[in-house]
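Here are my notes for a colleague who is meeting this structure for the first time. Please read the points below with the model open beside them.

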Amino acid sequence: MAEYIDHELVHKRLPRRIALNKTVRGLFLASTLSGLIVLAVLLFDVIRDSWGWLDWQFLTSVTSFSPEQAGIIGAISGTLWLMMIVGPLTMILGVATAVYLEEYVKEGRVRTFFETNISNLAGVPSIVFGLLGLTVFVRMLGMGSVVLAGGLTMSLLVLPIVIVASQEALRAVPSYLREASFGMGATRWQAIRTVVLPAALPNILTGMILAMSRAIGETAPLIAIGIPALLIPLPGSLFDSFTVLPVQIYYWTIDAALTAEYAYMAAATIVVLLVIMFLLNATAIFIRNKFQQRF
Amino acid sequence: MTSLLKKEAQPKNRPEEEHEPAKEAVFRTEGLNLWYGKKQALFSVDLEQKEKEVTAVIGPSGCGKSTYIKALNRMVEMNPEVKITGRISYRGEDIHSRRFPVEELRTRVGMVFQKPNPFPKSVFENVAYGPKIHGIRDKKLLEEIVEESLRGAAIWDEVKDRLQENAFGLSGGQQQRLCIARCLAVEPDVILMDEPTSALDPKSTLKVEDLVRELKDKYSIMIVTHNMQQAARISDRTAFFLNGEVVECDNTDKIFSTPADKRTEDYITGRFG
């Protein structure tokens, strides 16, 4: 047999090949780090700006023109009110839609039609949802810029996320579990309720939480429906005015041109918002790891 | 042991009984054709399952034997590509009739799958699952059913102290017998078994085989198997499938001693497959 490989040549070239490998590895590492570094700089910057401002008084006071007395309890409670609408509403609508598409509709044109449009919905910019909310909920239905209008708008925005996450969760349930259930004479709904949904629940919840953290951070649609940021009483019902953390950040940042302290208060609010989002994401990871079943 | 004796006591040959009225036929298949999309998997299958007998379905991979028994409880139709012609009747009723809901069929016709498929629930909840979906709520009654079913599947002694543990903690062989218990809990008339021992070790396989012989006293059983010794050991009748057709179906003794068709002989003597 002829020798195809010139071992001497291989030996000569090998150092260059190894060096190239190392270089490429370094480039990939640098790319990975660039994201982390930006995050670190951002965190450092907001924490430094917020230093001295983020205290108990700040968390528990209502907004005020005087920076020393202002706080974000209004925005925090508004965010909680928003979540109380977005959570249950998207859970019910999103999971029901996913169950219908995954478990009831046969694969084919109808399903493709629904799924394509849900993907389209997921790609619509959030400001457009804000305008939709302004037109339909605030004006047409005459709600005004209240908790309910904001909650419905935000629910529409994150609904596709919940649907897609729930669909994936349902798809991950192995078919032999369904077969076992059907094999004993269960109806489709019985199989879904007793076997499929329990098995899919951890992943559905993970998707829910990620959708919630998206909804908490969204600003544009709420600004579009015209929610205020200053000097309003705490919301006490679905039909009260409200504001949320990112909107508060937005207005304070704009007004920093007038009152320098507002910049520090915006930074302090950013820290609060980030902490909430990190906690939510950590919960999602915890649920995923803890309840993920081995099939 | 009793079941073995019973088998001996039965008349060995009952020629041409297919033409008699369907008195003791639990399942009767006539001219069954089945397609997966454009590919035909079953060709004009005629077969019968008799009351309280074990029918073994043998044949090489891809011959349609699994497809056939999954057609009997309409599980095969979960694949939307499947098309069926011909007639399958369960105790005289067309299983595709509108008046015969598939849920009812599957309540009477239990199935044990190739791979043990317990639910990610406790041993107790696995067995109580069937009775619960059929509306039994009484806790005492459920406990009785669970014990009886687990005893029926010869696994009670192994699991009676761990009823509340997750079924995934059981060994593969135990899981499969648990699945059989789960199937018994619905009080089926027929049990379909789709290669129930192919994922098990030899020892667990023997246990399941012993169990099948015992269950025959109460249930009509159809079992798909790759293992010809198994078919010979546990069945009364054997149907040999090849390329989607039934080549031969007869008493197991006859199939394994003097098969009528040359292809059956070639297969059981290991010349192909």
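1. In chain B, helix H4 (residues 123–133) packs with helix H5 (residues 139–152) at an angle of about 110 degrees, and their axes are 9 Å apart. Axes here are lines fitted to C-alpha atoms, for helices over the stretch in contact, with angles running from 0 to 180 degrees between N-to-C directions. H4(B) and H5(B) are therefore roughly perpendicular to each other, a term that covers angles of 65 to 115 degrees. Helices (H or I, at least four residues) and strands (E, at least two) are DSSP runs, numbered from the N terminus.

2. On the H4(B) side the contact is made by Phe124(B), Val127(B), Ala128(B) and Pro131(B), and on the H5(B) side by Leu142(B), Ile145(B), Val146(B), Ser149(B) and Leu150(B); two residues are in contact if their C-beta atoms, placed from the backbone, lie within 7 Å. These residues divide into 8 nonpolar, 1 polar and no charged, where Ala, Val, Leu, Ile, Met, Phe, Trp, Tyr, Cys and Pro count as nonpolar, Asp, Glu, Lys and Arg as charged, and the others, Gly among them, as polar.

3. The model is predicted, so local features need pLDDT of at least 70 and side-chain atom pairs count only at pLDDT 80 or more, whereas totals for chains, interfaces and linings use all residues. Residues are numbered from 1 along each chain as its sequence is written, and chains are lettered from A and ligands numbered from 1 in the order in which they are written.

4. Between the chains, 20 residues of chain B are in contact with 18 residues of chain A. Helix H3 (102–108), strand E6 (109–112) and H4 of chain B each supply at least two residues of the side that touches chain A, and H3(B) gives the most, with 4 residues. That side of chain B divides into 10 nonpolar, 6 polar and 4 charged residues.

5. Chain B as a whole has 11 helices and 10 strands, and its C-alpha trace spans about 55 × 40 × 35 Å along its principal axes. Of its 273 residues, 43% count as buried, that is, with 20 or more other C-beta atoms within 10 Å of their own, C-beta atoms being placed from the backbone.

6. The unreviewed UniProt entry places "domain: ABC transporter" at residues 27–268 of chain B. Over residues 27–268 chain B is 38% helix and 27% strand.

How values were computed
Parallel < 35°, antiparallel > 145°, perpendicular 65-115°, else oblique. UniProt positions renumbered as here; feature names shortened; annotations may be inferred. Buried ≥ 20, exposed ≤ 12 C-beta atoms within 10 Å, placed from the backbone.
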